[in-house]
Amino acid sequence: MIKALVFDMDGLLLDSERIVKRSWDKAGIEMGIPDIGKNIYHTLGLNRKARDEYFRKTYGTGFPLEDFNQRTSEIFFGMVEESGIPLKPGAKKLLEYAKEHGYKIAVATSTSQTCAVRELTDAGIWQFFDGGTFGDLVKNTKPDPEIYLKACESIGVAPMDCLALEDAPMGIRSARAAGLRVIVVPDLVQPDKESLALTYKKLNTLYEVIPLLKEE
């Protein structure tokens with residue numbers, strides 16, 4: 001019986017991944033590294049430390065990582081200040097339904113705690129969460145199960161009684177390795193066959209989760 005929902009954030013609750021890609025592309029053009037935004041398809045679900053390691057490995061030790069991170073952050077938050085981060089379809093409706101029906105709600109995001117809380121607060125949905133964990137609070141990034149295990153622990157619900165909601169393959173593998181049942185709602189990338197085999201359902205929007213909960 002499902003007692004709790006554990007949500008990924010970027011690309012699942014918030015339509016933020018496209019803004020990240022645009023900020024990377026813009027910074028890359030300024031720094032003479034065109035089309036750098038394509039790397040987002042290989043870094044979905046990674047925390048900052050693992051993402052930095054990816055860039056060093058991909059572009060070499062001479063890659064101006066600190067300058068890139070600073071500039072992409074400036075561009076990203078400038079875009080967010082101007083237009084905000086849209087909620088993904090059905091996100092608020094599902095959170096409202098879960099809260100009204102007594103489910104515990106947690107977030108398991110690779111984004112840092114400060115940034116994640118700010119973004120969820122600005123989106124008007126932070127008040128729905130009972131707990132969670134963040135990329136700067138774990139030793140191992142997705143697909144390691146640590147982040148989901150800690151998210152379940154934060155709300156006092158066993159992983160086997162939690163439903164994970166994810167959008168990307170690394171998150172799927174992380175949640176499943178932690179013992180959660182997984183629903184995937186793809187965003188920028190479709191799950192590969194191996195990841196799809198680990199899921200309970202693949203849906204088009206978060207609206208479709210509510211009828212499944214009603215069947216429990």
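Tutor: A residue counts as buried when its relative accessible area is under 20%, as exposed when it is over 50%, and as partly exposed in between. Please note that the model is predicted.

Student: Is E146 buried or exposed?

Tutor: The relative accessibility of E146 is 13%. The cut-off for a buried residue is under 20%. E146 therefore counts as buried.

Student: Which residue forms a salt bridge with E146, and how many residues apart are the two in helix α7?

Tutor: Side chains of opposite charge can pair when their charged atoms come close. The closest N and O atoms of E146 and its partner K150 are 3.0 Å apart. K150 is partly exposed, at 33% relative accessibility.

Student: Which parts of the chain does the salt bridge between K3 and D161 link?

Tutor: The N to O distance in this salt bridge is 3.8 Å. K3 is partly exposed, with a relative accessible area of 45%, whereas D161 is buried, at 16%. The two residues are 158 residues apart, and the parts linked are the segment before β1 and the loop between α7 and β4.

Student: How are α3 and α4 oriented to each other?

Tutor: Two packed helices are described by the angle between their axes and the distance between the axes. The axes of α3 and α4 come within 11 Å and cross at roughly 125°. Angles from 65 to 115 degrees count as roughly perpendicular and those over 145 as roughly antiparallel. The two helices are therefore oblique.

Student: How many of the residues in the contact of α3 with α4 are charged?

Tutor: On the α3 side the contact includes R48, R51, D52, F55 and R56, and these meet L65, F68 and N69 in α4. In this set, 3 are nonpolar and 1 is polar, and the number of charged residues is 4.

How values were computed: Residues numbered from 1 in each chain as written. Predicted model: local features only at pLDDT ≥ 70, side-chain atom pairs only at ≥ 80, totals over all residues. Heavy atoms only, no water. Axes fitted to C-alpha atoms, helices over the stretch in contact; angles between N-to-C directions. Helix = DSSP H or I, 4+ residues; strand = E, 2+ residues; numbered from the N terminus. Parallel < 35°, antiparallel > 145°, perpendicular 65-115°, else oblique. Contact = heavy atoms within 4.5 Å. Nonpolar A, V, L, I, M, F, W, Y, C, P; charged D, E, K, R; others polar. Salt bridge = Lys/Arg side-chain N within 4 Å of Asp/Glu carboxyl O. Buried < 20%, exposed > 50% of the residue type's maximum accessible area, 1.4 Å probe, protein only.
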